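Hi,

Here is the structure I promised to pass on. Have a look at it first, then read my notes below.

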Amino acid sequence: MANALEPSARALLKRLWHDHLAGHRRRIAIALACTLGVAATTALYPIVIQQSFDRYTEGRHDWLWLVPIVIVAVTSLKAAAQFGQAVAIQSVVLRVIEGLQNSLFRALTRADLATVAREAPARHAARFTTDAALIREALTKSISAVADALTLVGLVISMVWLDWQMSLVGGLLYPIAVLPILKLGKRIRRASGGMQERVGEAAATLTESFGAARVVRAYRLEGAEEARAAGLFARLRDSLYGIARTRASLDPMLESLGGLAVAAVLVFVGWRVSSGTGTVGEFTGFVAALLIASRPARALGSLNAALQEGLAGLARVYAVIDEKRRIVDAPDAVALPPGHGRIAFAGVGFTYDGVPDAALTGLTFAAEPGQTVALVGPSGGGKSTAIALVPRLYDPTEGWVLIDGVDTRSVTLASLRDAIAYVGQEATIFDDTAFANIGCGRPGATRAEVEEAARAAAAHDFIAALPDGYDTPLGPGGSRLSGGQRQRVSLARALLRNPRILLLDEATSALDAENEALVQQALARLRAGRTTLVIAHRLATVRDADRIVVMDRGRAVEQGDHAALMEQDGLYARLVRTQTFG
Ligand code: ADP
């Protein structure tokens, strides 16, 4: 069957073997040994039957008591081998899947932001479950197929031993079965791609819909959402039905071929019995072998279908793993040299992939060490894009971003990102303890250092008051904390990092007065002595900034401090008057 695979499939399997299977040679050997046991004991059945029948019909009563003992022994052996085989196969297969999941996750967490952002998170997540399930099924069937093939070989040997002429009749039917099986396999592989696409689409839509639970109710969008979901489920059903239909034709086809084989053999048997050659035991044993053979033969027949689906899944997984990263260390990258965090944008232009208009054009400004530079301007002006270029979430398509005089593309990503802390509008809290949530700002930080950072961010008191203090899990998304508390935890994380550069996307939604005051104090501490680029939404932040860069349609249209820009009476003055900083 391997020869029937296309070169691409062979390459996939070769890679799977090399990357994920070869390490489990011992387990595979155990599985194969058990498999051999199953095959051998199954092949013994027809012979045991023939021997018993012939003894009975010939009226030989010597050793007759041995028959039930042999039968029990053979079946027990087979049962034990079957158990060992099933367990050993799953222990290999599940480890392979685990390995693939780890590789896939690693690839995705290290992929360029642009690559990850291309698809909804739920779609990425679906690959870990649905594709993994397909691959698991195909692998299980493939390894079991070795067992089935061996069993068949054993049975064929028994059949030939029992009656070689009858075996010939059965054997002639075999090639007729192979062609349609291969054809169906190809069709299933193609259909599987569509199915996977639909599953990902469904997962993405559902996550989105449940995430928007509030808005759905407030705007009474239930009906519209139901209709959207219904369309989705219908498409999912369609593609699953397509696969099911292709698959459904396989078993009946194999069944009728099996019937044909049995019928042909029986015709032959009738002729032989009437002509008086052969014993009853031989016939019974032969027919038993033929019937026993039908299960492994059918399993082998449907192997190709499962294999094709698994290969399709494997191809999708490898496609993600192989996605080329563009944001990588230059071959001669060095660590970011020490400095005080001067940031300079020099003629920076940037265009998102697949978007005709540039998001940034000729952006030039500098933030001196310790200064705070506020980016303001209408929404869509390019502020977030500019900030994203500093830690190289994207690389500029033109110009340079320099930190302490060196091009960010010439230093190692690790040293660059270690020098930067980012605090977003929404505080990001992981489903882990308070200690871990702050400690991840600087891996290896001690308990005392974490506490010190939490104190500086005005987060210590409420964390200490949690049931297990710093060891209290904060719940998914930090659901145990209030909005202001979440922000203070994320500020503590940034403080602990002690970066030379701080990137800040100021929260637009106002907190209650007390929380706001605490957050502002923590922020002031965080900003002290560091260079800060802030996407500013509050007038106070802008007014205090050392320099304001007013951005509109990807360009810096005005620069200066508050007083100077008010003087100019341009876009900035207008934004101040309307209190809209984007
Ligand atoms: P601001 O932060 O000032 O609101 P952004 O930097 O978010 O502005 O956006 C600048 C421009 O780039 C906008 O036209 C926006 O539509 C576009 N843009 C932002 N992010 C992406 C993205 N991931 N893919 C494509 N276009 C984007």
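Let me start with a loop: Asp404 sits between strand E4 (398-403) and strand E5 (406-407). Keep in mind that this is a predicted model. In general, most residues other than glycine have a negative phi. Ala458 is another such case, with a positive phi near 55 degrees in a residue other than glycine. You'll find Ala458 in the loop between helix H14 (447-456) and helix H15 (460-464). Ala458 has 22% relative accessibility, so it counts as partly exposed.

Back to Asp404, which turns up again among the contacts of Arg500. Arg500 lies in the loop between H16 and strand E7 (501-505). Is Arg500 buried or exposed? It is buried, because its relative accessible area is 18% and the cut-off for buried is under 20%. Leaving out neighbours within four places in sequence, Arg500 is in contact with Leu336, Pro337, Pro338, Gly339, His340 and Gly341, and also with Asp404, Ala419, Arg530 and Thr531. Arg527 is 27 residues from Arg500 in sequence, with 9.6 Å between their C-alpha atoms.

Now the cores. The largest nonpolar core has 44 residues, and the members that touch the most others are Val376, Ile438, Ile463 and Tyr572. Helix H16 (residues 483-497) supplies the largest share of this core, six residues. Take Ile438: setting aside neighbours within four places in sequence, its contacts are Val450, Ala454, Ile463, Tyr470, Val489, Ala492, Arg493 and Leu496. Another core lies apart from that one; it has 30 residues, including Phe345, Val390, Val401 and Ile420.

Beyond residues up to four places away in sequence, Ala346 touches Leu363, Thr364, Gly399 and Trp400. How far apart in space are Ala346 and Pro296, which are 50 residues apart in sequence? From C-alpha to C-alpha, Ala346 and Pro296 are 69 Å apart.

Two packed helices are described by the angle between their axes and the distance between the axes. For helix H2 (residues 25-57) and helix H3 (residues 66-110), the axes come within 8 Å and cross at roughly 155 degrees. That makes H2 roughly antiparallel to H3, and the crossing of H2 past H3 is left-handed. Helix H1 (residues 7-21) meets H3 at another angle: their axes come within 10 Å and cross at roughly 90 degrees. H1 and H3 are therefore roughly perpendicular to each other. On the H1 side the contact is made by Leu16, His20 and Leu21, and on the H3 side by Val92, Val96, Gly99, Leu100 and Ser103.

Finally, the annotation. The unreviewed UniProt entry places "transmembrane region" features at residues 28-48, 63-81, 143-162, 168-185 and 253-271. I looked at two of these spans in the model. Residues 143-162 are 100% helix and 0% strand, with end C-alpha atoms 29 Å apart. Residues 253-271 are likewise 100% helix and 0% strand, and there the end C-alpha atoms lie 28 Å apart.

Cheers

How values were computed: Residues numbered from 1 in each chain as written. Predicted model: local features only at pLDDT ≥ 70, side-chain atom pairs only at ≥ 80, totals over all residues. Heavy atoms only, no water. Core = buried A, V, L, I, M, F, W, Y, C linked by side-chain atoms within 4.5 Å. Buried < 20%, exposed > 50% of the residue type's maximum accessible area, 1.4 Å probe, protein only. Helix = DSSP H or I, 4+ residues; strand = E, 2+ residues; numbered from the N terminus. Contact = heavy atoms within 4.5 Å. UniProt positions renumbered as here; feature names shortened; annotations may be inferred. Axes fitted to C-alpha atoms, helices over the stretch in contact; angles between N-to-C directions. Parallel < 35°, antiparallel > 145°, perpendicular 65-115°, else oblique. Left-handed = near helix turned anticlockwise from the far one by under 90°.
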